[in-house]
Amino acid sequence: MDTGLFILRLLVGLLVAGHGVQKVSRHLGGKGLEGGTEEFRADGFRGGALTALAAGGGQIGSGLLLAAGFLTPLAATGVVGVMTVALTVKRHNGLWVQNDGYEYPLVLIGTAAALSATGPGAWSLDAVLGLTPYPSWWAAVVLAAGTGSGLLARIVLHRPTTRAAAGR
């Protein structure tokens with residue numbers, strides 16, 4: 001079980017962190033902070049570069065924490081939060097990713113919640129530091145706090161534009 005949790009944490013955590021790197025730099029196929037800023041503007045968000053930096057930083061931080069298995073409930077909450085925002089952006093396209101739907105953000109939300117319920121496993125910084133086991137009810141807290149923070153960010157930062165309102 002610990003091997004499976006380790007692989008899952010590394011895969012999901014590093015993918016989320018990499019996605020954040022793309023939002024703020026030209027690494028990993030990113031278009032730089034300018035590209036990240038334009039992406040958020042095109043999706044109807046205000047805040048410009050600050051929004052892109054906050055989203056990218058949140059993804060990098062929560063992804064790396066999740067990959068390391070350090071402060072797992074906090075890391076999972078961050079992943080759920082940023083992926084909730086992504087889900088709201090893609091929801092009008094339906095579920096499936098081939099239609100630019102919300103399938104991928106939903107999988108990441110579910111994975112983060114599951115890791116908060118199971119804990120990060122023995123091969124984690126949480127285990128080394130004696131922070132585990134986390135009670136399984138943390139999954140409910142993670143889902144509530146992550147989803148709530150993502151929806152709040154959406155409400156506060158989103159201003160429909162012609163492109164966003166038209167469903168692209």
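Tutor: What follows is an account of helix α4 and its two contacts listed here, α3 and α7. The model is predicted: local features need pLDDT of at least 70, side-chain atom pairs count only at pLDDT 80 or more, and totals for chains, interfaces and linings use all residues. Residues are numbered from 1 along each chain as its sequence is written, and side-chain values use heavy atoms, with hydrogens and water left out.

Two packed helices are described by the angle between their axes and the distance between the axes. Helices here are DSSP runs (H or I, at least four residues), numbered from the N terminus. Axes are lines fitted to C-alpha atoms over the stretch in contact, with angles from 0 to 180 degrees between N-to-C directions.

Helix α3 (residues 48–68) and α4 (residues 72–90) have axes that come within 8 Å and cross at roughly 145°. This crossing is left-handed (the near helix is turned anticlockwise from the far one by less than a right angle; clockwise is right-handed). In contact (heavy atoms within 4.5 Å), α3 residues including Ala55, Gly58 and Leu66 meet α4 residues including Thr72, Ala76 and Met83. The residues of this contact divide into 8 nonpolar, 5 polar and no charged (nonpolar: Ala, Val, Leu, Ile, Met, Phe, Trp, Tyr, Cys and Pro; charged: Asp, Glu, Lys and Arg; polar: the others, Gly among them).

The axes of α4 and α7 come within 7 Å and cross at roughly 40°, and the crossing is right-handed. Among the α4 residues that meet α7 are Pro73, Ala76 and Val80, and the α7 side includes Trp138, Gly146 and Arg154. By class, this contact has 11 nonpolar, 8 polar and 1 charged residues.
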